[in-house]
Amino acid sequence: MSSPHRHIPPLEVRERAACMCDHGDFCTSYAPGHALHLIQARLASATPSDWADAIVEAADARSGFVIVRTLGDGSAVALWNGAGAAGRLTVGTPVALHERYHVLAVGSERFNVLRG
């Protein structure tokens, strides 16, 4: 005779998963605003007509927010990046923003950005 099977319910997850950049380490996520994926970088470099030149208006390294003003139509674009883009920027820095693939180019560096 066998004993009846007891169903053990799964434990409820009480913590929200967080990227390591929330703790001051390297990004472990490829979600918008986190680490730049190789495919995202290649797609951005393969579509040069989608880049827009811009100038940094504000950068807050603590929050990760950057505001750039595009040179084409003069619109202000709010961006967020958890991988440290805001810490590398100062007001007046020329950058390029890839509109379709959400990549911010700062010199030779590329960052995955979340449009805000």
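**A walk through the sheet**

Hi everyone, let's start at one end of the fold: strand 3 and strand 7, residues 114–115, run antiparallel to each other and share two bridges. Within that pairing, tryptophan 80 has leucine 114 of strand 7 as its bridge partner. Please keep in mind that this is a predicted model.

How far can we trust it? The mean pLDDT of the protein is 86, with 80% of its residues at 70 or more. Of the elements, strand 7 has the lowest mean pLDDT, at 94, while strand 4, residues 94–98, has the highest, at 98.

Seven strands make up an open sheet, in the order 6-5-4-1-2-3-7, with antiparallel pairing. At the edges sit strand 6, residues 109–112, and strand 7, and each of them pairs on one side only.

Strand 3, residues 76–80, pairs antiparallel with strand 2, residues 65–70, over five bridges. Tryptophan 80 turns up here too, as the bridge partner of phenylalanine 65. So far, then, tryptophan 80 has a bridge partner in phenylalanine 65 and another in leucine 114. The hairpin of strand 2 and strand 3 has five residues between the strands, and there glycine 74 takes a positive phi near 75 degrees.

Which residue other than glycine has a positive phi, near 55 degrees? That is histidine 102. You'll find histidine 102 in the loop between strand 4 and strand 5, residues 103–106. In general, most residues other than glycine have a negative phi. Is histidine 102 buried or partly exposed? Its relative accessible area is 32%, so histidine 102 counts as partly exposed, because that class lies between 20% and 50%.

Let's look inside next. The largest nonpolar core has 15 residues, and those with the most contacts inside it are Val68, Leu79, Leu89, Val95 and Leu104. Strands 1, 2, 3, 4 and 5 each give two or more residues to this core.

Finally, two residues around helix 1. Histidine 37 lies in the segment before helix 1, and its relative accessibility is 30%, so histidine 37 is partly exposed. The histidine 37 side chain reaches the backbone nitrogen of isoleucine 39 at 3.1 Å. Histidine 37 is also 7.9 Å from asparagine 112, C-alpha to C-alpha, although the two are 75 residues apart in sequence.

Why does threonine 47 count as buried? Because its relative accessible area is 16%, and buried means under 20%. Beyond its neighbours up to four places away in sequence, threonine 47 touches His98, Arg100 and Tyr101. Threonine 47 and tyrosine 101 are 54 residues apart in sequence, and their C-alpha atoms are 9.3 Å apart in space.

Note on methods. Residues are numbered from 1 along each chain as its sequence is written. Side-chain values use heavy atoms; hydrogens and water are left out. Two strands pair if DSSP finds at least two bridges between them. Helices (H or I, at least four residues) and strands (E, at least two) are DSSP runs, numbered from the N terminus. pLDDT is the predictor's confidence in each residue, from 0 to 100. Buried means under 20% relative accessible area, exposed over 50%, partly exposed in between (1.4 Å probe, protein chains only). Contact means heavy atoms within 4.5 Å. A polar contact is a pair of N or O atoms within 3.5 Å; within protein, one must be able to donate a hydrogen and the other to accept it, and residues adjacent in sequence count only if both atoms are side-chain atoms. A nonpolar core is a set of buried Ala, Val, Leu, Ile, Met, Phe, Trp, Tyr and Cys residues joined through side-chain atoms within 4.5 Å.
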